[in-house]
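Work through these exercises with the structure in view. Try each task before reading its solution.

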Amino acid sequence: MPIDRKKQIKVANKVIKELKHKGFQINQYYAKTTRSIYLKIDYGLCGGIRISDHKGKEKYRYKFNLLEQYNGPKQINDSGYIRMFYDYNNTEKLISDIENEKKLKIYKYGLYNYRNCMKKNSKDNLYKKFRKVA
């Protein structure tokens, strides 16, 4: 069932606002062939969020997936890569999980290395098609 695009954009803007308030860097991309919105968090260091109305493409495995009326497992081990799933009513849990992801990465690599990696990733060609929103 196709989702209401306005509702999808409203949810994306809510997530962006919350993450921006918490100090995250966010880049946004509207898919050209589907009705998906993609958000990269801290230039990919905290993964990305796919906001969509359909099952994701096989070659792309987003860590965080926000789907309207999602009814399924909240966590999937996809060939060793953990993917998380949320519905539109659970954005608080999504934000909390992203914050925890960042804390784990900073604990593992250190704040200095985290920031340097963000700076390096920001120059990647991938971000030419993404729009910086926070």
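**Exercise 1. Two helices**

Are H2 and H3 roughly parallel or roughly perpendicular to each other?

Solution. Note that this is a predicted model.
- Step 1. Two packed helices are described by the angle between their axes and the distance between the axes.
- Step 2. Take the values: the axes of H2 and H3 come within 6 Å. They cross at roughly 110°.
- Step 3. Angles of 65 to 115 degrees count as roughly perpendicular. Therefore H2 and H3 are roughly perpendicular to each other.
- Step 4. Find the residues that meet. H2 brings Lys102, Lys105, Ile106 and Tyr109. H3 brings Leu111, Asn113 and Tyr114.

**Exercise 2. The largest nonpolar core**

Find which residues of the largest nonpolar core touch the most other members, and which element gives the most to this core.

Solution. 
- Step 1. In soluble globular proteins, nonpolar side chains tend to be buried together.
- Step 2. The largest nonpolar core here has 31 residues. Leu19, Leu39, Ile41, Ile49, Leu66 and Ile98 touch the most other members.
- Step 3. Next, list the elements that give two or more residues. The helices are H1 (5-21), H2 (91-109) and H3 (111-121). The strands are S1 (26-30), S2 (37-41), S3 (48-52), S4 (64-67) and S6 (81-86).
- Step 4. H1 gives the most, with five residues.
- Step 5. Beyond its neighbours within four places in sequence, Leu19 contacts Phe24, Ile26, Ile41, Ile49, Ile95 and Ile98.

**Exercise 3. Strand pairing around S6**

State how S6 runs relative to S4, and how S6 pairs with S5.

Solution. 
- Step 1. S4 and S6 run parallel, joined by three bridges. Within this pair, Leu66 has Tyr86 in S6 as its bridge partner.
- Step 2. S5 (residues 75-78) pairs with S6 in the antiparallel sense, over four bridges. Here Asn77 has Ile82 in S6 as its bridge partner.
- Step 3. S5 and S6 form a hairpin, with two residues between them.

**Exercise 4. Positive phi**

Is Asp42 buried or exposed?

Solution. 
- Step 1. Most residues other than glycine have a negative phi.
- Step 2. Asp42 has a positive phi, near 50°. Asp42 sits in the loop between S2 and S3. Its relative accessibility is 1%, so Asp42 counts as buried.
- Step 3. Ser79 also has a positive phi, of about 55°. Its place is the loop between S5 and S6. Ser79 has 72% relative accessibility, so Ser79 counts as exposed.

**Exercise 5. A lysine in a loop**

Is Lys63 buried or exposed?

Solution. 
- Step 1. Locate Lys63: the loop between S3 and S4.
- Step 2. Buried means under 20% relative accessible area. Lys63 has 15%, so Lys63 is buried.
- Step 3. Check what surrounds Lys63. Not counting residues up to four places away in sequence, Lys63 touches Gly48, Tyr81, Ile82, Arg83, Met84 and Glu101.

**Exercise 6. Cysteines**

How many disulfides does the count come to?

Solution. 
- Step 1. A disulfide is a covalent bond between the sulfur atoms of two cysteines. The cut-off used is sulfur atoms within 2.5 Å.
- Step 2. For Cys46, the closest cysteine sulfur is in Cys117, 11 Å away, which is too far for a bond.
- Step 3. Cys117 is likewise in no disulfide. The count is zero.
- Step 4. Cys46 counts as buried, at 0% relative accessibility. Cys117 counts as partly exposed, at 28%.

Key: Residues are numbered from 1 along each chain as its sequence is written. This is a predicted model: local features need pLDDT of at least 70, side-chain atom pairs count only at pLDDT 80 or more; totals for chains, interfaces and linings use all residues. Side-chain values use heavy atoms; hydrogens and water are left out. A nonpolar core is a set of buried Ala, Val, Leu, Ile, Met, Phe, Trp, Tyr and Cys residues joined through side-chain atoms within 4.5 Å. Buried means under 20% relative accessible area, exposed over 50%, partly exposed in between (1.4 Å probe, protein chains only). Contact means heavy atoms within 4.5 Å. Two strands pair if DSSP finds at least two bridges between them. Axes are lines fitted to C-alpha atoms, for helices over the stretch in contact, and angles run from 0 to 180 degrees between N-to-C directions. Angles under 35 degrees count as roughly parallel, over 145 as roughly antiparallel, 65 to 115 as roughly perpendicular and the rest as oblique.
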